[in-house]
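Q: I would like to learn how to read helices and strands in a model. Can you take me through one?

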Amino acid sequence: MPPSVLVRIAVPCTLALTWSPNTMKSILLVAERAASIYQSFSRALMLARYLRLPLDILLCDTALANAPRPEQSPPHAIEEARQYLEAVRSSVTAPDVAIATHAAFDGPLHQLVAHHASAESAALIIKSANHRRTAHDIRVDWQLSRSSPAPLLLTQGQPWHPFARFAAAIDVMDPGRPHLSRAVCGMMASLRSACGAELDLLYAHPQRAWREDIGAESAVQRQLQQLSRDLGIESQCVHVLRGEAKAVLPPFAAVRGFDVIAVGELRDPSFSAYVQSLPAELLRSLPGDVLFVKTENPALSKAHPAARG
């Protein structure tokens, strides 16, 4: 694939804080030509303020990716992208956040986003969720969740509570991925510290596992107690549900009204598994945001270290 064509559009902005582009990370917003861009822009701007990070807006115009074209993107496409991004940027007054806009034309959206996020050392990627649209749109979100080099927040634009309610859905008994639960919890602890939010830990254990292993319950409790102590989470905010996660977590989360639920990467990376997965079910049945976490994110940890008990 040829390298992406990036068009940097300078936007004057007065900073109310000091940062160095050589060392400071950023939040990356994936811009789309849809009304939902203003919801995701609002969420990205809010988190940029909480985390005290600059904001990058990337428009991926993949309609030109497979069309015959000269070596460089046509001038009218560049001008249209500039006008669109300027309209989005001008829709808010944000003198306290450094905002840069970019456009990429050559390649699938998930590859363009991954390339730009890596090049700019993005701490967090934000995009509107596409779960209620076509199969192609759902596939785009799945591809992005797999290829994203930074945690990916799929937002549905629902306003958060005055004191935001966060949850980390973890699997402490997964023997093949012992560090994933800590990565998910560490990410959410960092966001909790920055946003002044509440944080709950959620674990769903299949009923058959309880019957097969009489020591499973005590092992789960030990793991969860250790995590809650490390993160300074009160015992009443640690929940063990019995049943398959996809069946028991969404109704429990609906009652609690979580604004963001963080999940770890899926064990099965296929598209069919994603469609039937817990995060897909959360997006289908709940109005909140879903955060995909794969590994530790040093950029966010440096911005706001996780709270310790």
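This is a predicted model: local features need pLDDT of at least 70, side-chain atom pairs count only at pLDDT 80 or more; totals for chains, interfaces and linings use all residues.

A: Residues are numbered from 1 along each chain as its sequence is written, and side-chain values use heavy atoms, with hydrogens and water left out.

Q: Which residues of helix 3 are buried?

A: An α-helix has 3.6 residues a turn, so residues three or four places apart point the same way. Helices (H or I, at least four residues) and strands (E, at least two) are DSSP runs, numbered from the N terminus. Buried means under 20% relative accessible area, with a 1.4 Å probe and protein chains only. In helix 3 (residues 109-119), L109, H110, L112, V113, A114, H116 and A117 are buried.

Q: What do the buried residues of helix 3 pack against?

A: They pack against strands 1, 2, 3 and 4 and helix 4. Contact means heavy atoms within 4.5 Å. After helix 3 comes S121, with a positive phi near 55°.

Q: Which strands pair with strand 9?

A: Two strands pair if DSSP finds at least two bridges between them. Strand 6 (residues 165-169) pairs with strand 9 in the parallel sense, over three bridges. There F166 stands opposite V260. Strand 10 (residues 289-293) also runs parallel to strand 9, joined by five bridges. A262 stands opposite L291.

Q: Why is strand 9 described as largely enclosed?

A: Five of the five residues of strand 9 (residues 260-264) are buried, so the rest of the structure largely encloses it. V260, A262 and G264 point one way, I261 and V263 the other.

Q: Is H102 buried or exposed?

A: H102, in strand 3, is buried because its relative accessibility is 2%. Its C-alpha atom is 4.8 Å from that of L58, 44 residues apart along the chain.

Notes:
Buried means under 20% relative accessible area, exposed over 50%, partly exposed in between (1.4 Å probe, protein chains only).
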